[in-house]
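Hi,

Here is the structure I promised to pass on to you. Have a look at it first, and then read on for my notes.

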Amino acid sequence: MTFDTKTLEFKKIKERVAVYANTLLGKKKIIEIEPSANPLLINRLLNETAQANTLLMHELYPPFGGVRDVTNHLKKARVYDILTPREFLDIVDLLNGINAQVLYFKKILEEEFTIDALTPYYQEFEQFTALKKEIKQIITDDANVASTASHELSRIRSKIDTLERRIQEKLTQVMKSKKDALADQLITIRNEHYVVPVKLSEKNKFDGAIIDYSSSGETVYMEPRVVTETINQIQLLKMEEQKEVERILRDLTIRLAEDVHALSKNLELIITLDTIFAKANYALETESTKPTITENEVYLRKARHPLIDPKEVVANTMYFEQGKQMIIITGPNTGGKTVALKTMGLLSIMLQSGLLIPVAEDSKTKIFEQILADIGDEQSIEQSLSTFSSHMTRIIHILEVLKEDALILLDELGSGTDPKEGASLAISLLEHLKKQHVYVMATTHYPELKAYAYNHQSILNASVEFDVQSLKPTYRLLIGTPGKSNALLISERLGLPKHIIEHAKNNIITSATDVSELIEKLEHEGNRLDQKLQEYELLLNDNKRLKDELIEEKRKLRDEQMRLRDKTTVLNADVVKETKMKAETLIKELEELKSSQELKTHEIADIKHKVRSFAIEEDTKRKTDDHVFKKGDRVNILKFNRVGELIKKQKKDTWEVKMGALSSTFKEDELEFVDRPKKEEPKAKMKSHVKKKAYTTLDLRGMRYEEAQDTLDKYVDDCLLSHVPQATIIHGYGTLALRQMVKEYVAKHPSITTYRDGGQNEGGSGTTIIYFE
C-alpha cells in the first residue's frame, strides 16, 4: 500500500471527474487513475490540466462528440475479421473526431494560447482522408453497402429490381382476375414471399401455395403460382448479392487493417485529451488551482475538502513550518479534526494524480513518497477486533511499509484504551515516526500530547475552533494553538447544577510538571506573538503613511501633467498651421507634375512619404475618467499600486492585465491610465534566417483588415522609393479576408505589373509575389 486511496475516498473524486468525460473510454480511463510519486510525471500531468483549464476559461471547448469505442472494431480488422457496415460508420465517426481535433488545435494556435504541454498530443494526430473517402464510397449513411460499391453488385441489384417489378405486375393481374376470391385488394410479403390475402373458403380454388394464415384464421396468405418461378430467381440473386456484399466488406476490412496501428494511436490520443479536459472541467467547477511544487514546503492556503458541499465547507490553511514535520490537532468531537486530516490527504492524492486542487493560487506543496492513513475505527466483528486493536493493526502495517518523505495521517492516536497507557503509547509512536523523516498529522484528545508537542521544536500544536457562545464548532483549523477541553463549560451552559461543576473542577487530576512547562511555553509564545503584532502594526502605519504620500505626489503630477498638456495644445496649434502650409505646397507640386504629364510612380511615393512625415504625435496621456482603454495600454492597478499592460478585453469594462510574469482580470474603475507605447512604423517581417535587403517581405498576419490595408499601401510606396523589383506579401489563409484584400489591391495598383501566388517553397497560396515596373 503506497497511497491509501480507499480510506481517503479518492474513488468518489474519480467518479465526479468521469462525469465530465465525453467518451466511454475516457470515463473508464479516469476511473483507472492512480496517484504517482514521480515528480516529472506529476508536473507534466498538472501542466496539461492547467493549460486545458485555461482554454475552458476562455470558452474554447474541445470537440469530442460522436467518437465511440472502436477498440473491438480495430481488433477485428487486425485479424481480418470482416466488419459490418455499422462498424465501418463508427470508424468514420472516429475519423471525423480526429479531423475535429486538428481544426481545434489550429484555432488555439490562432488565438496564441500557450499550450506547450498539450501540443505534443495534437501534433501526433494523422488525418486519414483517403480511408474516409473509400469507406464513404462503399457504406451509405443508413449502414448499407451502396449499389455503386462494385459493378457486379450494381448488376445483381438491378436485375432483382426488374424481377420485383415483374412480380408486382403479375400480382396486380391476379388481383383483377381473382378479386372475388380475395379478402382484400392487397399485395404483401410474408416469410419473404409475395402473397395476396385469399378467403378461407376459396383457398382450394386458388392456384398457389399457402404461406401463412391471419390471426383470425379467416384469411389465407397465398403465393400465386404465376410468380413462384420469378421469386425463386430473386432468391438466387439475393444469395449472389450477399456473397458480393461480403466480398466488398472483406476487401474494405483488409484496407482498414493497413491503418489499424495508426488509428489505435489516434484513438488513444483522443481518449487522453478527453481525460485531460475532464480533469480541467472538474477543476473549473470546483474552482481548483495548480499549487507550486517544492522540495520540502507545504502551505495549502484556503484548502477545501472537495467532497463537502461547497456552500457548507470551511476553507482552512494547512501548513508544515520549516523544520517541523509533525502536527498534533486537538479539539472537540465533530469539530473538524478528521476532516482536516482527510483534506490534507485527499488533496495530496489528487495533486499526485494530475488533478488541480481546491486551494488558493499562492499555495505550495511537495510530492510525498507515500500517503498512509489510519482514520476511523471500523471495528471488525468477523476478526473480533476492538477499536484499539483495529487502530493498532493498521498502524503496525504503516510502520512495516513506511518510507522517507511519506505523509502519515493518524486519527485519534492511542484511543480505545486506558488514557494513561494510550497517551504513553501515542508519544512513543510519534517519537519513532520523528526519526523516520516523514510528515505526520495526528488528532488526539490527550492533554499529554499537547505538552509533548510544546516540548519538541519539530512538532506543531493545532486545534479546531469551538464557539462557546453558540456551543457549536466553527470547523476552523488553528495551527500553532493547542485545543482545550470545553466539557465543563459546555455542561454549565447546558444547565448542569453548579455544585456538580465545582466538584468536577476540584477532582481534575493534572501532571504538575507537564502543566507548568506548558504554561511557560505558552507565555513565551504569547510574548513572541505580541512582539510580532506590534511590529506588524508599525509596518501597517508606515505603509499607510507612505501610501498617503504617494497619492499626494500622484495628484501633483497629474495637475502638472494637465498644465503641460494645455501648454502643448497651444504650441501644437502653431505646428499644425505650419504643417498645413507645407502640405498645400506639396499638393501644388503634385498638380504641376500632373499637368506636365511627367508624373512618375516613385515621385508619387516620395510625396506621400513627405506628407506622412508631417504627422504630429498626439499626446495620448489623458485623464482616467475619459480615457478609452485599448490593448497595449500601460495602466496602474490601484488596489496593488503596480503597473501592468492591457492584454485582452474579457467582458464589458473588464480587462486581462499582465503584471510581470503574472496576469489577472480587473474592472476599468480599478485601473488608471499611464501611457500608450508609441507604435513603430510597420516594418516587413523577415522570415528567412539569412539577411536580405530590407523591404523584400511584408507579413500582414494577425493584423485587422483596415490596419493591413494601410500597412500594405505604405509598404508598396517604400518599395517604389527603394526601387525594389519584386516583393513578397504574407497574408496567410485564415478567413481569406486578408488574401482577398491583397489580391484586389495589387490588381488595381498601376505600378504593379504582375502578381502570382507563392510557389511550394514560397508559402503557397498564403503568400502573393508582386512585380514592379
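Predicted model: local features only at pLDDT ≥ 70, side-chain atom pairs only at ≥ 80, totals over all residues.

The chain has 773 residues, and 39% of them count as buried. Its secondary structure consists of 20 helices and 23 strands. Among contacts with a separation of 6 or more, 66% are between residues 24 or more positions apart. The accessible surface comes to about 45300 Å², with 51% of that belonging to carbon and sulfur atoms.

Now to strand E12, which spans residues 439-444 and has six of its six residues buried. Tyr439, Met441 and Thr443 lie on one side, Val440, Ala442 and Thr444 on the other, and both faces are covered. E12 has parallel pairings with two strands that I looked at. With E8 (residues 326-330) it pairs over five bridges, and isoleucine 327 stands opposite methionine 441 there. With E11 (residues 407-410) it pairs over four bridges, where leucine 407 has tyrosine 439 as its bridge partner.

Leucine 45 counts as buried because its relative accessibility is 18%, below the 20% cut-off. Leaving aside residues up to four places away in sequence, leucine 45 touches Lys279, Ser353 and Gly354. Leucine 355 is 310 residues away along the chain, yet its C-alpha atom is separated from that of leucine 45 by 7.7 Å.

Best wishes

Key: Residues numbered from 1 in each chain as written. Heavy atoms only, no water. Buried < 20%, exposed > 50% of the residue type's maximum accessible area, 1.4 Å probe, protein only. Contact = heavy atoms within 4.5 Å. Areas by Shrake-Rupley, 256 points an atom, 1.4 Å probe, with all protein chains shown as cover. Pairing = 2+ DSSP bridges.
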